[in-house]
Amino acid sequence: MSSVIIEKIKSEIANLDTGSTTTDIGVVTAVGDGIAEIDGLDKAEMMEMVSFAVSDEQSLEETLKSDKAVFGLVLNLEEDTVKVVILGESDLVKEGMRVMRTNKLLSIPVGKEIVGRVVSPLGEAIDGKGTIETDRNMPIERVAYGVMDRSGVNEPIHTGIKAIDSMIPIGRGQRELIIGDRQTGKTTIAIDTIINQKYEPADKRPVCIYVAVGQKRSKTASIMARLEEAGAMEYTTIVATSASEASPLLFLAPFAGAAIGEYFMEQGKDVLVVFDDLSKHANAYRQMSLLLRRPPGREAYPGDIFYLHSRLLERSAKLSAELGAGSITALPIIETQEGDVSAYIPTNVISITDGQIFLDTDLFNKGIRPALDVGISVSRVGSSAQTKAMKKVAGKIRLELAQFRELEAFMQFASDLDDDTKARIDSGRKYVELLKQGQNAPVPFQRQVVAIYAANNGIFDGAPVESTSKIESEFLNFIDRDRKDILSTIETGRELTDEVVDKLNKSLADFKEAHKELYGA
Amino acid sequence: MKENYVQALLQSIEVGVEPRVALQNLMLVQEKRGHMKLYRGVLQSTLRFLEGRAQDEALVTVTDNSQYDSYKSEIESQLAGMNITTTPAVQINSNLIGGYILESKSQRVDASYKQKLVSLYQKITQ
């Protein structure tokens, strides 16, 4: 071992460049609130990294021991000065300090080694599992792929949530917004989607990236624990910034997540990126812009707040076959106040994304969880992102729920309803019960197809509404135990062939015969 | 408008008005016109302009005067490359260990032993 080290030292000494290094420099004229104003740096570029010469006054030993290199990011190029946000300990930056250009745009180290780790937006490991050694950097800011480099979204990404996979299907390469008030289950939907990817075959399983923007550290830690428990951390990377970190790091976090995703997308892989949440991202950008003295606009947000999110979300794409057919699917999350989806930031992001999943507080409080408001949730990709099997069974559920919603208000006033109306209401209630699902319990798509098919073909007929959940679980256990070939056929073929339909119909009849007690007989 | 104030201030100083008096006059004019918000910016721009005239100043940092003598010809060649004709100021900093650092207004040439040792250490420990 020591001879290896000695050889390495000898080799580095032999190759040591003894020439001088010339860099462009500037001088700090003012520093405060994480922003440094610098005189000089005439040739600095936008989003360039600069390095503060904090080690000038330190001895060699102190410099080697210290890991406190302080970098900054150029964000304002003004007539005589350059304004830089400090990425690191701003206490170390002093007026009169020299600042050097690095001639590099901000980038993040990427590689397969980053999967399974928790990193900061600058690529530093923060999970205590050692440094991450990679050999490639991806730029944090990057122009999105053009139209001709993309192909259509036609492959589903299954969330494991019945209501979403059946009525608001998401495709690989789509941007689907998750929007709702606080504590309505937005993060749960995102985490369940990540966990559900473990049911995908390894070669089709997307790499998952969860970007925590300004979240409580306890929340990020609990999410990581949940993912580890479910075995999902093997294919997930977490980019974490806590609420106590400086606004520039919160601003960079989603872009870092997108950069990591682009690395895998360019290798032909599918990627799922969750941005939790972009409301905090907008707030951090507003704070940073006000400190940079950029003119405030509506609600004190800077004028380019729309561009902030549009350029982030446009980096999600489904690439053409020539470029490897990789994809990035984005699930941005926005928190509304009092259900107001017409506020500034929510309307911005709604107009950017390819659909939204709206979570309602009233539904949540009524016990309907996930609290999806199916009426106003939409996926603009639609059934192009569904398997043939799901497409076949999902049509009826959407219609039933739409009719139920119309009748729900009517039935509060009508005293005497006809039999047909009563039947529709009963059916609607059972579909609502069917779509309820526990937290962290995603359902593989083949089981969803079987459950919805059974509901469409009268498995709940004659049973009270309260028994819906029990009947569903008993039926799926029955299929698991005695008709496992049905599930495997749907899983591999992804469609409901006539043969499978016949088997399902027979299974339904057999189940009802064997479980009469569930129907009150 | 700021540029006009800067030019007026510089002209009055060049003509021979005492800087303190020139600044007082500036403040009176700006106060009368309601342009006090520009006062700080005018002062900053004026200072930068005056510093810009000193573009050809340079600073050399060495560990001791003997180091400066041994690198004098190299330093002079670097200064020529930067179009600086004046003699640089010399600063002593033993943290450099050896070699020199030459700084002008906009560039820094680092030929110190410290920078090379830090770079060597980082390459070995990568």
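## Strands, loops and the contact between chains

Colleague: Strand S15 (residues 355-359) of chain A and S16(A) pair over 2 bridges, but is the sense parallel or antiparallel?
Modeller: This is a predicted model, in which local features need pLDDT of at least 70 and side-chain atom pairs count only at pLDDT 80 or more, while totals for chains, interfaces and linings use all residues. Residues are numbered from 1 along each chain as its sequence is written, and chains are lettered from A and ligands numbered from 1 in the order in which they are written. Helices (H or I, at least four residues) and strands (E, at least two) are DSSP runs numbered from the N terminus, and two strands pair if DSSP finds at least two bridges between them. In this pair, Gly355(A) has Ser379(A) in S16(A) as its bridge partner, and the sense of the pairing is antiparallel.

Colleague: Which strands stand at the edges of the open sheet in chain A?
Modeller: The open sheet has 8 strands with mixed pairing, in the order S8-S12-S11-S13-S14-S10-S15-S16. Each edge strand has a single partner strand, so one side of each is left without a neighbour in the sheet; these are strand S8 (118-119) and strand S16 (378-379) of chain A.

Colleague: How many residues of strand S14 (residues 327-335) of chain A are buried?
Modeller: S14(A) pairs in the parallel sense with strand S10 (residues 177-180) of chain A over 3 bridges, and Ile178(A) has Ile333(A) as its bridge partner there. Strand S13 (residues 270-276) of chain A is also parallel to S14(A), joined by 6 bridges, with Phe275(A) opposite Pro332(A). A residue is buried if 20 or more other C-beta atoms (placed from the backbone) lie within 10 Å of its own, exposed if 12 or fewer, and partly exposed in between. By that count S14(A) is mostly covered, and its buried residues number 8 of 9.

Colleague: Does Gln183(A) count as buried or exposed?
Modeller: Gln183(A) is not a glycine, yet has a positive phi of about 60 degrees, and is found in the loop between S10 and helix H4 (186-196) of chain A. With 12 other C-beta atoms within 10 Å, Gln183(A) is exposed.

Colleague: What is the radius of gyration of chain B?
Modeller: The C-alpha trace of chain B spans about 65 × 35 × 25 Å along its principal axes. The radius of gyration is taken over C-alpha atoms, and the globule rule is 2.2 Å times the number of residues to the power 0.38. A compact globule of 126 residues would come near 14 Å, but chain B has 21 Å.

Colleague: Which element of chain B gives the most residues to the side that touches chain A?
Modeller: The contact takes 21 residues from chain B and 21 residues from chain A, two residues being in contact if their C-beta atoms, placed from the backbone, lie within 7 Å. Strand S1 (residues 21-32) of chain A is joined by 4 bridges to S4(B), running antiparallel, and Thr23(A) stands opposite Arg108(B) in that strand. Helix H3 (39-52), strand S4 (107-110) and helix H6 (113-124) of chain B each supply at least two residues to this side. With 9 residues, the element that gives the most is H6(B).
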